[in-house]
Amino acid sequence: MALYRAAAAVLSGMERGEGGIKSLVYGSDFPRARQLYALVAETLRYGPVLDALLDGAEMLRVEKKLPLPLAKVLVYDLLFGKGLKCGGRWKALARRHRARLEAELARLKVRRGVSSNEQLLQPESGTGPEAPQVPRYVRVNVLKTRVDDVVEFFKRQGFAFLGTAGSVEDLKSLSGKKFLLDLHLPELLVFPPQTDFHDNRLYTSGHIILQDKASCLPAFLLSPSAGSHVIDACAAPGNKTSHLAAILQNKGCIFAFDVDTKRLATMNTMLTRAGVTSFKLAQQDFLTVDPHDPKYSKVKYILLDPSCSGSGMVARLPLEEAAPSAERLQALSGFQRRILSHALRFPAVQRLVYSTCSVHREENEDVVHAVLQELGSAFRLVNAFPSWPCRGLAAFPGAECCLRASPADTLTQGFFVAVLERCGEEAAVPSSLPATAEENLQQEEGAEPGAAPPKKRRRKKQRVKA
C-alpha cells in the first residue's frame with residue numbers, strides 16, 4: 001500500500017503546484033523511486049480515461065472517503081497495470097468495484113470505436129488535431145556494450161531492425177516490433193510509443209538507458225573530451241550523468257551535485273549499474289559550491305539542468321501542469337538566472353550547456369539573455385546543431401542559436417538547450433557542433449562533411465547474449 005499512497009501524494013503535490021513529477025518522486029520517502037515514477041507517469045498518461053471510468057462507475061460517490069488521486073492509481077494498476085500489489089481494505093475496495101469498472105471500460109471502448117487500451121489514449125475524432133505520440137527512445141550504454149550488439153539482441157527477441165532513420169517522418173511510422181537507429185544521435189535506438197523495456201534484462205543490467213531523445217541533447221552537445229573534469233550541477237536522477245560518463249569513456253572526473261540524500265542514493269545505484277566509475281557525488285546545493293575551490297580548478301565543462309516548471313513534459317502531465325502561475329514562473333526563473341550565473345564563474349570553464357524541460361520563454365531564452373548581459377563579453381552562445389529543426393524563440397539577437405524540442409516538431413518531450421562558450425580564449429571544443437551524428441563521426445575521422453562515411457571503429461565491450 002505504501003507505493004499507492006506515495007503515488008497519490010505525488011499526484012496531489014503536482015495538482016497543488018508543488019513541483020513536477022521528477023522532483024516530487026525523488027523527494028518522496030518511498031525507497032524505490034523508479035517504480036514510483038513509472039506508476040505516477042502511467043497514471044497521468046491514462047488520466048482522462050481514468051476520470052471517465054471513475055465517473056461512469058460512480059466509484060467516488062459510493063466511496064466518499066477515497067481521495068481522487070488514490071482512486072486513480074488503484075484503478076490504473078487494477079485495469080491497466082500489472083495488478084494490485086496491496087492487500088487489506090484498499091484491495092478489497094478496488095475489487096468490489098472491479099466488475100463495474102470493467103463494464104464501464106468496455107462501454108468506453110465501444111463509444112470510442114477502439115479495441116485496445118492503448119487506442120483509448122488517442123484523442124477522440126473531432127476534438128482537434130491529434131498530438132503525435134513520442135516514441136520510446138533507448139540509449140545504448142557504450143560503457144557496457146555496443147550498438148551493434150544491442151541491435152542483434154533485439155533482433156533475436158523478435159524485433160525488426162529498419163536501419164538508420166532518414167527523417168522524423170520515419171520515426172512517426174514505427175509500429176509493432178520495428179525499430180530504427182536515430183537520425184541525430186549515434187547511440188539512440190527508437191521504438192514505437194509505449195514499448196515497455198522496464199523488465200528487459202538489458203535495462204535491468206544497465207546495458208540500455210531509457211531516456212527521451214531531448215534529454216540526451218545536453219550531454220551530447222557538451223561533448224567533453226575523454227579525461228576532462230566535468231560538473232553536473234543538478235544531477236539526479238542520473239541519466240545525463242551516465243551519458244556524460246559514456247562520452248568521457250569513464251576517463252576524467254564528473255562532479256555530480258544534488259541536495260537530497262535519497263535522490264543521491266538512488267542515483268549512485270543507477271550509475272553503478274550502468275558501469276560508471278568516473279564520478280564523485282556530493283550532497284550539496286550547487287549554489288553553495290565555491291568556484292575557486294582547488295578541486296574544481298580543472299573543470300572545463302558544466303552541464304546545468306536546474307529545477308524548472310516541467311511544462312515540456314506534456315505527454316505525461318495534466319494540461320493544468322503546463323501552465324504554472326506567474327508567481328511560480330518568476331520564482332523559478334530567478335533561481336535559474338542565479339544558478340547559471342554561478343556556474344559561469346568557475347574560472348576554468350570553457351563550455352556550459354543549460355537545459356530545461358520547460359516550454360516557457362521566462363525559464364529559457366530570457367534566463368540565457370539576462371545572464372549573458374550580466375557577464376558582458378565573457379561568454380557567447382554557440383550555434384550548436386545547425387540542422388536541428390526547432391530553434392530558440394526570437395527573444396533577443398542570436399536566440400536562434402538555442403535549441404527547442406517538442407512532440408509536434410521533433411517527436412520528443414518539450415525541451416530547451418543553450419550552449420555557452422567562453423570568449424577570448426581557446427575554445428574547449430569546436431564552436432559549431434556537427435549537424436548530424438554521421439558528420440560527427442566523419443569529423444572525428446578527419447573526413448569532410450558529406451563524404452562517404454568511414455568504417456566504424458569497433459571497441460571491445462562486454463557482449464550481451466540472449
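Reader: Where in the chain is Cys-357 found?
Author: This is a predicted model, in which local features need pLDDT of at least 70 and side-chain atom pairs count only at pLDDT 80 or more, while totals for chains, interfaces and linings use all residues. Residues are numbered from 1 along each chain as its sequence is written, and side-chain values use heavy atoms, leaving out hydrogens and water. Helices (H or I, at least four residues) and strands (E, at least two) are DSSP runs, numbered from the N terminus. In these terms, Cys-357 lies in the loop between β10 and α16 (365-375).

Reader: Which UniProt annotation covers Cys-357?
Author: UniProt positions are given in the numbering used here with shortened feature names, and annotations may be inferred rather than shown by experiment. According to the unreviewed UniProt entry, the annotation covering Cys-357 is "active site".

Reader: Is Cys-357 buried or exposed?
Author: A residue is buried under 20% relative accessible area, exposed over 50% and partly exposed in between (1.4 Å probe, protein chains only). The relative accessible area of Cys-357 is 18%, so Cys-357 is buried.

Reader: Which residues are in contact with Cys-357, leaving aside its neighbours within four places in sequence?
Author: Contact means heavy atoms within 4.5 Å. With those neighbours left aside, the residues in contact with Cys-357 are Cys-308, Gly-310, Ser-311, Gly-312, Met-313, Gly-414 and Phe-415.

Reader: How many of the six residues of strand β9 are buried?
Author: Strand β9 spans residues 299-304. It is largely enclosed by the rest of the structure, because the number of its six residues that are buried is five.

Reader: Which residue of β10 does Leu-304 stand opposite?
Author: Two strands pair if DSSP finds at least two bridges between them. β9 and strand β10 (residues 351-356) run parallel and are joined by four bridges. In β10, the residue opposite Leu-304 is Tyr-354.

Reader: Which residue of β9 does His-229 stand opposite?
Author: Strand β6 (residues 229-232) pairs with β9 in the parallel sense over four bridges. In β9, the residue opposite His-229 is Val-299.

Reader: At what angle do the axes of helix α3 and helix α4 cross?
Author: Axes are lines fitted to C-alpha atoms, for helices over the stretch in contact, with angles from 0 to 180 degrees between N-to-C directions. The axes of α3 (residues 33-45) and α4 (residues 47-57) come within 4 Å and cross at roughly 70 degrees.
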